[in-house]
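Please look over the sequence and the structure below before reading on. The briefing that follows takes up a few places one at a time.

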Amino acid sequence: MASSRGRLRVLGIDPGLTRCGVGVVDVALDRSAVLVHVGVVRSDPAMPIEERLALIATGLRAVVDAHEPDVVAVERVFAQHNRATVMGTAQASGIALLVAGERGLAAATHTPSEVKAAITGYGNADKRQVQTMVARVLRLDELPKPADAADALALALCHAWRGAPARAAASGPLTPAQRAWADAERLARR
């Protein structure tokens, strides 16, 4: 669903307790994108968990209020060997989804491999490849840093692109590129 701006504004969130990446992009029906905001919400590991989560919530609310996204895309938590890391990521992810719900925003989750495949064409791309493609798509002079911020932008782009053919179909006939993208998504779901 495109906003009144004629573009879909997506807030991507790469959840983490110490560094929670945030990136806001405007994406047009032709999949072109413009950077709106990029940053990191930080919390000190020495703080009690409830204070860290409150800091993250406050930071995410500020981004939502300042940039008014149409939708929120959050990295889906996946199993890792380090239980402390996965727990912190899951807690920060819950806060991100809570903030979206508080503001009445639709939210979606995407796995890291979905995001990497959408941005680079390769589901096992490394951080540098993702940063490079995000910079290229958004026409940035430098790679977005830190990696958490680049990942948040990649999440936002992935979400917008995955819905681009459906949004375009609702507003008129698909271009050849949009038809090819829709066909590729249909085949991937089989």
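In this predicted model, the side chains of D30 and S32 are joined by a polar contact of 2.6 Å. The briefing begins with the surroundings of this contact and then turns to a helix.

**The loop around D30**
- D30 lies in the loop that runs between strand β2 (19-27) and strand β3 (33-42).
- Because exposed means over 50% relative accessible area, D30, with a relative accessibility of 55%, counts as exposed.
- Although D30 and W161 are 131 residues apart in sequence, their C-alpha atoms are 9.2 Å apart in space.

**Rings and charge**
- The charged end of R31 sits over the ring of W161, at 4.3 Å from the centre of that ring.
- As for pairs between aromatic rings, the structure holds zero of them.

**Helix α4**
- Helix α4 covers residues 127-137, and its buried residues are V130, Q131, V134, A135 and V137.
- When the helix is viewed down its axis, the buried residues of α4 fall within an arc of 165°, so they line one face of the helix.
- An α-helix has 3.6 residues a turn, so residues three or four places apart point the same way.
- R128 and R136, by contrast, are exposed on the other side of α4.

**The two ends of α4**
- At the start of α4, a side-chain oxygen of D126 comes to within 3.1 Å of the backbone nitrogen of R128.
- After α4 comes R139, a residue whose phi is positive, near 55°.

Terms used. Residues numbered from 1 in each chain as written. Predicted model: local features only at pLDDT ≥ 70, side-chain atom pairs only at ≥ 80, totals over all residues. Heavy atoms only, no water. Buried < 20%, exposed > 50% of the residue type's maximum accessible area, 1.4 Å probe, protein only. Helix = DSSP H or I, 4+ residues; strand = E, 2+ residues; numbered from the N terminus. Arc of directions from axis to C-beta. Polar contact = N/O pair within 3.5 Å; in protein donor to acceptor, adjacent residues only side chain to side chain. Phe/Tyr/Trp six-rings, centres within 6.5 Å; stacked < 30°, edge-to-face > 60°. Lys NZ or Arg CZ within 6 Å of the ring centre and 35° of its normal.
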